[in-house]
Amino acid sequence: MQHDQLQGDGDLMTEEGPLTTGRRRPKRLRRLLIGGALAFALAAGGGAAAYKYGLFSDIGDPVSFGKVQESAAAAEEIRPGVSMPTGPKSEFVRTYRMPDGTQIGRTTLTGAKSGFTGDVWVWVPKEYDEPRYAKSAFPVLISLPGGRGYPTNYWGTGPGLGLQKAVSDGAKAGTSLPFILVMPVHNADTKHHFDASDIPGEPKMGTWMAEDIPDFTKANFRTFTSRDGWAFMGSSAGGFGAFKHVLKYPDRFKAAIASGVDIVPDSPLWKGNTQAMDENNPEKLAEKLIKEGGPDVYINFQIGTKETGRERAEKFMKEYGKGPVHARLQVIQDGEHNGKSYVRGMREGALEWISKVMLAPTPDPGVR
């Protein structure tokens with residue numbers, strides 16, 4: 001499996017500079033830094049310079065989502081198929097504020113079922129806080145990074161790769177649903193790859209992503225009770241986890257966008273445990289799903305023309321893309337093995353494709 005770093009396992013670098021993960025400096029140090037920088041900024045041009053250098057940033061401050069849901073509806077008015085936040089609420093800190101006012105927040109989660117503790121980033125579209133959607137659920141796209149995938153998820157540490165903007169632009173254009181993006185770490189340390197699985201004797205990263213992350217999302221956000229509101233996307237190692245989970249738990253998740261992905265588990269941590277590997281092997285899982293006759297799942301592979309792996313995706317599609325397993329290939333011209341190329345592929349068709357098989361939020365016609 002191509003366990004590369006892709007782009008941004010730590011703080012992302014953009015043309016504007018580094019995008020922080022939202023971890024705050026100690027208050028005393030922060031005041032000293034701001035004081036010295038403020039003097040510099042004022043000398044450089046007053047208030048405008050202060051804002052330019054980010055001295056009044058609210059990064060790291062507490063942030064909440066779902067301002068309208070508290071008064072959305074009495075219990076008897078909740079729509080069928082909609083799950084209101086069950087609680088307990090997580091505490092988020094802001095890691096980025098987008099130009100449209102939407103925010104990326106980070107929290108630390110200890111999974112009740114896996115026992116694993118890791119960070120999770122969340123972004124919700126602007127529609128989520130609009131009164132007309134206060135009674136509606138929103139589809140969830142669990143987004144997994146490539147590379148180490150620990151201690152950060154580069155989809156959530158900043159908008160530099162463009163995932164959030166691709167979703168918001170697509171929602172505005174009518175080519176994408178306004179997905180909630182949930183972006184957890186997907187490995188347990190920086191030294192090993194866990195194949196998004198419960199490898200015997202190792203941290204239960206499969207349980208973390210298939211159970212704890214959905215439970216966390218249901219606790220904090222308005223979600224669909226049906227699997228039609230739940231999907232994965234991921235790149236490289238994260239792409240393997242994305243489409244593996246959809247094939248393993250077709251009763252919970254409906255679709256996946258899997259980019260630059262390998263097809264079979266290959267972590268050395270398996271140590272020859274064939275039975276456990278087979279239980280997490282997409283080929284074996286697809287074969288089982290075809291034999292059982294469903295439910296239907298949808299896999300969109302993304303491969304750039306400047307990377308390897310297309311033949312593996314096409315082989316999987318030829319052998320297993322039948323019956324309930326619906327597979328598609330998005331070829332990204334001049335695309336490389338990195339997040340920016342995969343987001344471009346999502347803009348060019350993958351987001352529209354997955355949006356057609358997922359449930360959409362429904363506005364209240366009597367509310368603006």
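1. A word on the basis. This is a predicted model, with local features needing pLDDT of at least 70, side-chain atom pairs counted only at pLDDT 80 or more, and totals for chains, interfaces and linings using all residues. Residues are numbered from 1 along each chain as its sequence is written, and side-chain values use heavy atoms, with hydrogens and water left out.

2. The H3 and H9 pair. Helices (H or I, at least four residues) and strands (E, at least two) are DSSP runs numbered from the N terminus. Helix H3 (residues 163-173) and helix H9 (residues 339-355) have axes that come within 9 Å and cross at roughly 25 degrees. That angle makes H3 roughly parallel to H9 (the term covers angles under 35 degrees). Axes here are lines fitted to C-alpha atoms, for helices over the stretch in contact, with angles from 0 to 180 degrees between N-to-C directions. The crossing of H3 past H9 is right-handed (the near helix is turned clockwise from the far one by less than a right angle).

3. What touches what there. From H3, Leu163, Lys165, Ala166, Val167 and Asp169 meet Val343, Met346, Arg347 and Leu351 of H9 (contact means heavy atoms within 4.5 Å). The residues of this contact divide into 6 nonpolar, no polar and 3 charged (Ala, Val, Leu, Ile, Met, Phe, Trp, Tyr, Cys and Pro count as nonpolar, Asp, Glu, Lys and Arg as charged, and the others, Gly among them, as polar).

4. A pocket that involves H3. The second largest pocket has a volume of about 280 Å³. Of its 15 lining residues, Met98, Asp100, Lys165, Ser168 and Asp169 are the closest to the centre. H3 gives the most to this lining, with 4 residues, and the lining as a whole divides into 6 nonpolar, 3 polar and 6 charged. On a 1 Å grid over the protein atoms alone, a pocket is an open set of points where a 1.4 Å probe fits, with protein on both sides within 12 Å along at least five of seven lines; lining residues have an atom within 4 Å of a point. Points are joined across faces, edges and corners, and the volume is the space filled by probe spheres set on them.

5. The H5 and H7 pair. Helix H5 (residues 237-248) packs on helix H7 (residues 282-292) at about 25 degrees, with axes 9 Å apart. H5 is therefore roughly parallel to H7, and the crossing is left-handed. Phe240, Phe243, Lys244, Leu247 and Lys248 of H5 make the contact with Pro282, Leu285, Ala286 and Leu289 of H7. These residues divide into 7 nonpolar, no polar and 2 charged.

6. Backbone details worth a look. Most residues other than glycine have a negative phi, and most peptide bonds are trans. The Gly87 to Pro88 bond is cis, with omega near 0 degrees, and Pro88 sits in the loop between strands E4 (82-83) and E5 (92-97). Tyr150 and Pro151 are also joined by a cis peptide bond, with omega about 5 degrees. Ala196 has a positive phi near 50 degrees, in the loop between strand E9 (180-184) and helix H4 (205-220).

Conventions
Angles under 35 degrees count as roughly parallel, over 145 as roughly antiparallel, 65 to 115 as roughly perpendicular and the rest as oblique.
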